[in-house]
Amino acid sequence: MLNSISKTVLGTATALALTATAGLAEDWRAWNIHVDGHPNTAAMDRFAELVAERTGGEVTVEVFHGGVLGSQPDALEQVQLGAIDVGNFNLGPIGPLVKEANLVSLPFIFRDVPHMFRVLDGPAGDKIGAAMGDAGILPIAWFDAGARSFYNNTGPINTPDDVAGMKIRVMNNDLFTGMVNAMGGNGTPMAFAEVYQALSTGVVDGAENNLPSFESVGHFEVSGYYSLSEHLIIPECVCVNTAKFNALSAEMQEAVVSAAVDAADYQRELWAAQTDASKAAVEAAGVKINMIADKTPFQDAMAPVYADYLAANPDMAELVELAQSTE
Ligand code: GTR
């Protein structure tokens, strides 16, 4: 005769076995740094909808917007640990964790956004993706993040000398501090959430970002000049904790990847429109958008950044060449 405890255990085991046949339900927590109205927020919501639909509810994603789950460097560690399951990440702050990912954070490595996507869709992208997966941060789709340019209050930036002496906030990555320092400035890593206050109190003289982010978090309210240096073209990913992804059945993996890829297509459409809209909005608010006639001096100033990177990572020379020789 079964006693009540074994009955309960058996009952639980049967219930578990049934769940296992139907596949264990996965409830994923997703990190997103952006606020409402930003293309990536809409795209992450779309990702969550598509995942629920295409996995028949076996995988669900709850997206936490506005960076409430923590700063980007912290959130990336949480993804590696599996405490955050998925997110929309910029590859800039991934560079310190995965040296291959740093390829995309070399200033002026890409000629334009289409060139960046061609590199990502080729063998260099495969290498970067595999290395990120090995580090626990598996990219399953790529978002557009446009080009990053400098903004500040004291006047337009036209040459690297205009950056000299300025304290410029950068994302967390030695390549970015090196980039600003190579122009004679002072590259200062800081969490995205702290930049508005740092700009308005003069803790930093300027920062750099793409137009949609410059607008969405109000940095344009405290910066009079946005100079189109376009020094960094860094992609973003939908990245999943590798072990969580690998634990899914092949069918569920396909559903999750197709949801991310479709969300990324949507993001890229929204991105193009938002870049124009943000430019118009910040200009209307009084920001002077400064065209830079000749970017060559900025590119030339990056020689020591490349030299230091390749001296520290000689094995990355092949990736750099791959990217540069991609048509
Ligand atoms: C944005 C990017 C964010 C974050 C931010 C920053 O353009 O989408 O992931 O990296 O820049 O400057 O910290």
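**Figure 1. A48 in helix α2 of the predicted model.** A48 counts as buried because 20 other C-beta atoms lie within 10 Å of its own, and 20 is the number at which a residue is called buried. The residue belongs to helix α2. Setting aside neighbours within four places in sequence, A48 is in contact with A30, V61 and V63. A30 is 18 residues away from A48 in sequence, yet the two C-alpha atoms are 8.9 Å apart in space.

**Figure 2. R29 in strand β1.** Strand β1 covers residues 26–31, and R29 is part of it. Is R29 buried, exposed or partly exposed? It has 16 C-beta neighbours inside 10 Å, so R29 counts as partly exposed. Apart from residues within four places in sequence, the contacts of R29 are E62, F64, I84 and D85. A255 lies 226 residues from R29 along the chain, and their C-alpha atoms are separated by 17 Å.

**Figure 3. Helix α10 and what covers it.** Helix α10 runs over residues 250–284, which makes 35 residues. Why does its length agree with expectation? At 1.5 Å a residue the helix should span 51 Å, and its end C-alpha atoms are 50 Å apart, so the two values agree. The buried residues of α10 are A255, V256, A259, A260, A263, A264, Q267, L270, W271, Q274, S278 and V282. An α-helix has 3.6 residues a turn, so residues three or four places apart point the same way. Among the elements that cover the buried residues of α10 are helices α2 (39–54) and α8 (211–216). Strands β2 (59–64), β4 (137–143), β9 (225–232) and β10 (236–241) are also included in this cover.

Figure 4. Q299 is 19 residues from A280 along the chain, and the C-alpha atoms of the two are separated by 27 Å.

**Figure 5. Two residues with positive phi that are not glycine, F108 and E230.** Most residues other than glycine have a negative phi. F108 has a positive phi of about 60° although it is not a glycine. Where is F108 placed? It sits in the loop between β3 (86–90) and α4 (113–120). F108 is buried, because 20 other C-beta atoms lie within 10 Å. E230 also is not a glycine, and its phi is positive at about 45°. This residue lies in strand β9. With 21 C-beta neighbours inside 10 Å, E230 counts as buried.

**Figure 6. The packing of helices α6 and α12.** Two packed helices are described by the angle between their axes and the distance between the axes. Helix α6 holds residues 174–181 and helix α12 holds residues 303–312. They pack at an angle of about 145°, and their axes are 9 Å apart. The crossing is right-handed. On the α6 side the contact is made by L175, G178 and M179, which meet V305, D308 and Y309 of α12. By class, the residues of this contact are four nonpolar, one polar and one charged.

**Figure 7. Where domain 1 meets domain 2.** The domain assignment gives domain 1 as 4–145 + 234–276 and domain 2 as 148–232 + 287–316. The C-alpha centres of the two domains lie 28 Å apart. How many residues of each domain are in contact with the other? Domain 1 has 26 residues in contact with 23 residues of domain 2. On the side of domain 1 that touches domain 2, the elements giving two or more residues are α3 (72–81) and α10. This side of domain 1 has 12 nonpolar, 13 polar and one charged residues.

**Figure 8. S325 in helix α13.** Helix α13 covers residues 317–325, and S325 is placed in it. S325 has 9 C-beta neighbours inside 10 Å and so counts as exposed. L310 is 15 residues from S325 in sequence, and the two are 17 Å apart in space, C-alpha to C-alpha.

Key
Residues numbered from 1 in each chain as written. Predicted model: local features only at pLDDT ≥ 70, side-chain atom pairs only at ≥ 80, totals over all residues. Axes fitted to C-alpha atoms, helices over the stretch in contact; angles between N-to-C directions. Helix = DSSP H or I, 4+ residues; strand = E, 2+ residues; numbered from the N terminus. Left-handed = near helix turned anticlockwise from the far one by under 90°. Contact = placed C-beta atoms within 7 Å. Nonpolar A, V, L, I, M, F, W, Y, C, P; charged D, E, K, R; others polar. Expected span 1.5 Å × (residues − 1). Buried ≥ 20, exposed ≤ 12 C-beta atoms within 10 Å, placed from the backbone. Domains from an automatic or database assignment.
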